[in-house]
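Hello,

Here is the structure I promised to pass on.

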Amino acid sequence: MNEKAKKYVTMFRQVKIASAATVDAWGHPQSRIINIMIANDDGMYIVTSKGKPFYKQLAASGEIALSAMCPECQSLKFTGRLRLADKKWVDEVFLQNPGMNEVYPGDSRYILDAFLIYAGSGEWFDLLHYPINRESFSYGGADEEVSGFSITDACIGCGRCAEACPQQCITPGEPYQIAGDHCLRCGLCQETCPVGAVINLND
């Protein structure tokens, strides 16, 4: 795991409490609050009990989406792949999170299984400061997320996109340039462009 990814995986662990989203057997979205129990070079570890729908959804799809809010009003989001981890990781979770012993005393802990989120990509987003800042990251062989807007060579240099941008992150050039790390991704530049030179990278 590179240093950038390690920084944000560690941040997930420090925040600890995250919203975890899955899809159920009928294709409906499901969300719940979980704890990130361990973060290391392999990824992030979570636990859940075998009787919960969450467990079944993780096992069936092998996918999870996480979001969390940092104390400084910065948000984290992540979409990843996971797999069942060796049972020893349940003991390690209890070692690093001793409060778990009150919830699952003694051998009752072994109704839990640990899952390792071994790969995925995410983004850190700071709305508190001006201009806003965002940074993407990935690990485990996943590609970093590519999203936002770009200005193509069809740009005529009229400057309307730069005038409209609420974060003033568009600068003159041939074509004009969008600073993606300060972009809100609101789409106002695309709506304002008279020649359709602004494209959505998610399309």
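The protein chain folds into 6 helices and 12 strands (DSSP runs numbered from the N terminus: helices are H or I with at least four residues, strands are E with at least two). Please keep in mind that this is a predicted model, in which local features need pLDDT of at least 70 and side-chain atom pairs count only at pLDDT 80 or more, while totals for chains, interfaces and linings use all residues. Residues are numbered from 1 along each chain as its sequence is written, and side-chain values use heavy atoms, with hydrogens and water left out.

On overall dimensions, the C-alpha trace spans about 70 × 35 × 25 Å along its principal axes. Of the 203 residues, 42% are buried (under 20% relative accessible area; exposed is over 50%, partly exposed in between, with a 1.4 Å probe and protein chains only). The chain exposes about 10,800 Å², and carbon and sulfur atoms supply 53% of that (Shrake-Rupley areas with a 1.4 Å probe; for residues, only the protein chains shown count as cover). Among contacts (heavy atoms within 4.5 Å) between residues at least 6 apart in sequence, 60% join residues at least 24 apart.

Now for the strands. Strand β6 (residues 74–84) pairs with β5 (residues 63–69) in the antiparallel sense through 7 bridges, where pairing requires at least two DSSP bridges between the strands. I64 sits opposite G80 of β6. The hairpin of β5 and β6 has 4 residues between the strands, and C73 there takes a positive phi near 70°. β6 is also antiparallel to β7 (residues 112–126), over 11 bridges, with L76 partnered by W124 in β7.

Helix α3 (residues 88–96) is worth a look too. W89, V90, V93 and F94 are its buried residues.

Finally, which strand holds I199? I199 lies in β12 (residues 198–200), and it counts as partly exposed because its relative accessibility is 37%.

Happy browsing!
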